[in-house]
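Here are a few notes to read alongside the structure. Have it open on your screen and follow the points one by one.

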Amino acid sequence: MSVVHYDVALITDDDALRSDVERHRPAACTLCCVSSRADPLSEAVSPDHVWLDLDAASEMEFFPDAHRVYFYSTHAQAAKQLPSGIFIRKPGTASVFEVLWAGAQRPRRPRQQKAPSPNATDQLPAWLTEYQIADLKVLGNKLVTEFTARFGFDAASLYLHDAPNRLLTLSQTTRERSIDLTVPVDSDVACPMLVAARERRILRTTDITSLIATHRISRAAERAAMYADRHSIVLPLLDDEQLIGILNLSGGSQAEFDASIDLDQRLVRFLGRAVAIARALAQARTEARIDFLTGLYNQRWMNEALASEVQRAERFHTPLTLLVIDLDGMKTINDCEGHAAGDFLLRHVAQRITGVLRQFDGAARIGGDEFVVMLPGTDLCGAEQVANRLLKRMRESSPTYRDAPLRVTGSIGVAEWQPGWDAARLCDAADQAMYRAKRSGAGVVCERRATPRSADIASVAGLPPDLSIPRPAVTPPPANARSV
């Protein structure tokens, strides 16, 4: 019987899951869908990956050499002792399937045929399923705390590998001493972390002086002092031989260090794969909230961030203002100079907006030539100053595209959040102020709180709106009364 190779074999009875997997399948990838009620033809199919739906295939052990993904509906299913793999709760999102398929289409080395294990001791521990976490921040925190304590170490630091820039960047740490925020992978000043990264193997520093001499690590005295906290282990986190990050464990006793022998390459690769997926999902979430043209956030991010800031303002009674910016004359520029010139101008304006913001402010492009700026902790007066400063910068720094100057002006509406308003009400107030600025040519218009009407006062006093508040009756004095 001839064997047919597939990139992915999906075993499921769930039509919705089957449809989602197929919908996000890249054209270059092959997929074999199998029902749990049918013969899976395990001898005739050879997949690199097998994706199992635990609602239908909880007991199946097909394709033992394939990389596994488990789709589950309940935590009880994920807690079962299954061969190592990635656990995805149903229903998955579009970004999850895109990441899974990205992993499935990576070039892989031919798998070597291995004899079946005579016992279950070769299986990875079941508790590792706790580290299949999609949130990179939560996973990193779990690694430097719970994972570190499990193997008897006091502190840890997690570095992520920035491959394009050849850097190891500190992600999370529980160490009290000062450590490097970034470490160049190609640095001439070697250290145990770089040795582990370059040699792709676990480094155990039971004797830092001997380790330094063995690997010819420079600046020996300084490095020995840095690792002078009893026993340490440096774990290179790998995914298909690609360096994902480095996990440094330190402060272990001799007995605890001997027990940490279970930290083998298979476990480290499992963690590397988990970190790689969480990182890819974090990047996908970020990119889904970024406007590709200007580099600012998009409307999706602004809606989420503004709703959160309104809740914060209501809880802590802090000011919050919003700027809605509409550029004037964009249609003329697009018609006369072309859309490429219009795109150039939008990027220029985005840079001017970024230049007037603080670190905790936010800016988004929400339409063709419309921008929104969110200013937490800023009242109406401060926001008006920011708006005028932005207009001034836009007018004083007109860009030039292909030797043609592009004059840019704008209309800005400013509104301050009021108690009881939701995010939509604040956006509407700033939007209406922007339209008034555009009609009047004033440049900046603020939505100021109106003076309370008599109907509002009557309502506060508990009276019907159509009744005026009574005043005390005054009796005129007698005609023959004298002033005292």
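**Notes on a helix pair and a buried valine**

1. Let's start with two helices. In this predicted model, helix H10 (residues 299-316) packs with helix H14 (residues 423-440) at an angle of about 105 degrees, and their axes are 9 Å apart. Angles of 65 to 115 degrees count as roughly perpendicular, so that is the word for how H10 and H14 sit relative to each other.

2. Which residues in H10 and H14 meet? From H10 come Leu306, Ala307 and Val310, and from H14 come Ala423, Leu426 and Cys427. Sorted by class, this contact has six nonpolar residues, with no polar and no charged ones.

3. Now a quick check on the length of H10. It has 18 residues, and at 1.5 Å a residue they should span 26 Å.

4. Next, look at which parts of H10 are hidden. Its buried residues are Trp301, Met302, Ala305, Leu306, Glu309, Val310 and Ala313. If you look down the axis of H10, these buried residues fall within an arc of 155 degrees, so they line one face of the helix. The spacing makes sense: an α-helix has 3.6 residues a turn, so residues three or four places apart point the same way.

5. What about the other side of H10? The face turned away from the buried side carries Gln311 and Arg315, which are exposed. As for the buried residues of H10, what covers them includes H14 along with strands E12 (320-328), E13 (362-365) and E14 (370-376).

6. Moving on, find Val144 in helix H4 (residues 136-150). Is Val144 buried or exposed? Its relative accessible area is 3%, and buried means under 20%, so Val144 counts as buried.

7. Finally, zoom out to the whole protein chain. It contains 15 helices and 18 strands. Of its 484 residues, 45% are buried. Among contacts between residues at least 6 apart in sequence, 60% join residues at least 24 apart.

Technical notes
Residues numbered from 1 in each chain as written. Predicted model: local features only at pLDDT ≥ 70, side-chain atom pairs only at ≥ 80, totals over all residues. Heavy atoms only, no water. Axes fitted to C-alpha atoms, helices over the stretch in contact; angles between N-to-C directions. Helix = DSSP H or I, 4+ residues; strand = E, 2+ residues; numbered from the N terminus. Parallel < 35°, antiparallel > 145°, perpendicular 65-115°, else oblique. Contact = heavy atoms within 4.5 Å. Nonpolar A, V, L, I, M, F, W, Y, C, P; charged D, E, K, R; others polar. Expected span 1.5 Å × (residues − 1). Buried < 20%, exposed > 50% of the residue type's maximum accessible area, 1.4 Å probe, protein only. Arc of directions from axis to C-beta.
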